[in-house]
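Hi,

Here is the structure I promised to pass on. Have a look first, and my notes follow below.

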Amino acid sequence: MSLHDLLVAPFGYEFMRRGLLAAMLLGVSGGLLGCVLVLRRLALMGDALSHSLLPGVAAAWLLFGTSTVALFLGGLIAGLLTALGSALLSRLTRVKEDAAFGSLFIVFFAAGVALISKLPTRLNLSDFLFGNVLGVGAADLRLAMAVSGCTVAVFLVFHRSILLETFDPVFHRATGGRGGLVHFGFLTLTVLNLVAAMQTMGIVLALGLFLLPAVSAYLWCDRLASMLLLSVGVAAAGSFAGILLSYHAGLASGAAIVLCLGAALLGSALLSPRHGIIAALRRGGAR
Amino acid sequence: MPPPDQNIITFRGVTVRYGRLTALRDITLGIPCGSSTAVLGRNGAGKSTLLRAVLGWQRLHAGEIRVGDAHPHHARPRMAYVPQRHSIDWDFPITVRGVVEQGRYPSLGLFRGMGRADHERVDRAMEELGISGLAGRQIRRLSGGQQQRVFLARALAQGGDIFLLDEPFAGLDLAGSEELAHILRGWEEQGRTVMAAVHDVAIARRCFAHAILLDTGLVAAGPTAEVLTAANIDLAYRQAGGVPAEATLR
């Protein structure tokens, strides 16, 4: 196989170009959001949140068909219900936040699987869960563009609030910052991106596009600005490599992208000169 | 304490409750302008609540707090808050200068970038605290004393004249504590008002001119030597090791 066959020929197909563009656009916004998820220690919550979108998306499909806006709103409502429900459960009862979130998301996820298995279409559950680049339509691409653009704009305008709320929420509040608003805005952006990434990445794997580039970048960078840039770069490169892998190896696109990003994480964890495993072993174990 | 017209912060009959739990009971006192004041008491005696009330974060059940002539909300630009060390993620990808620059953020708003005046303020704050040479260093790679100085520099860069410190000595080794004590004494000489929650009575005696001793209610307030008598300390800490703090129900 020539280099041309390997890297260029696949993009002769319209659906491949659309899939690639959607994945890379969402890689950019996911790379940004992932950094905040990692630094605020919300990685597991993000994972739970992504699973909980399923019933909203499935219900929207059942009621409104393939309308992108409906799918998106369905996912958003399900995500916010999970967040709100677990907040209520943890604030008003003795159940702690992680248990509340963990319990609700699994119920939501089960409801989603149940709904999809009853859908009167030839819809494939595995496409919902793991992504199918073949399914990326023009409307999906427009959604990816809008969501990615919106996320980048929010990061540009509110970068100081985001930094303060992530690094030192108490100081943010002491200087008149609206921590609750930043948190809610961040949650909404995450749900938007998860829904937009559903088609290529699938509900279960979408968070990988956010999390893995951010963790990789975290292992290399000592400044937030460089961490954000590297994370975006890793996400975009991983999406490109993953879409190609999915084409050549016939894999679900979400799985292929996550595997490529996983390789980036493994490399970073081993090789980072200051924070990597090999460097730590050379220093004699602990940090 | 001096007459009330010299006080920069005044509490009149301040009571704070969390549900049925009384965190502060009927506190009336004044913080003299340009003084350093240690706030002492056992865990749960209301030290942090008192600081949070000055910042305007705490809904008061009764009474009022004035900062200068203003409600705490309107005095925010005058006050700089230094959080507890353990609330900071020291692995965060940020440099010393990055943290100190945060002190300028509140006055920048959404769209204005850091101007020359802002950078000069940051430079001056770092110089005053002797951390200019560490500007590009990630904050994990500092000693405890240096880490504390970074956050004091951020507070200075804010440009206020009232400094509220939550347990600034907690987690510092001996050298770090000495460093911090030296800085705070210098601040007092320069007429800056410092109010700090302090755990250690010996540190309060050495570094602070004034002290407030709390046991949800006010045990004593005034010059440190008059407040931290054996009798007062016994009164304020009598429940330590006995009835847990949460039992202070009304």
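How many bridges join β5(B) to strand β6 of chain B, and do they run parallel or antiparallel? There are 4 bridges between β5(B) and β6 (residues 162-166), and the two strands run parallel. Strands here are DSSP runs of E with at least two residues, helices are runs of H or I with at least four, and both are numbered from the N terminus. Strands pair if DSSP finds at least two bridges between them.

A word on conventions: this is a predicted model, where local features need pLDDT of at least 70, side-chain atom pairs count only at pLDDT 80 or more, and totals for chains, interfaces and linings use all residues. Residues are numbered from 1 along each chain as its sequence is written, while chains are lettered from A and ligands numbered from 1 in the order in which they are written.

Back to chain B: β5 and β6 belong to an open sheet of 6 strands with mixed pairing, in the order β5-β6-β7-β3-β8-β9. Its edge strands, each pairing on one side only, are β5 (79-82) and β9 (217-223).

Chain A has 16 helices and 0 strands. Its C-alpha trace spans about 50 × 50 × 35 Å along the principal axes. Buried residues (20 or more other C-beta atoms, placed from the backbone, within 10 Å of their own) make up 49% of the 287 residues in chain A.

Enjoy exploring!

Notes
A residue is buried if 20 or more other C-beta atoms lie within 10 Å of its own, exposed if 12 or fewer, and partly exposed in between; C-beta atoms are placed from the backbone.
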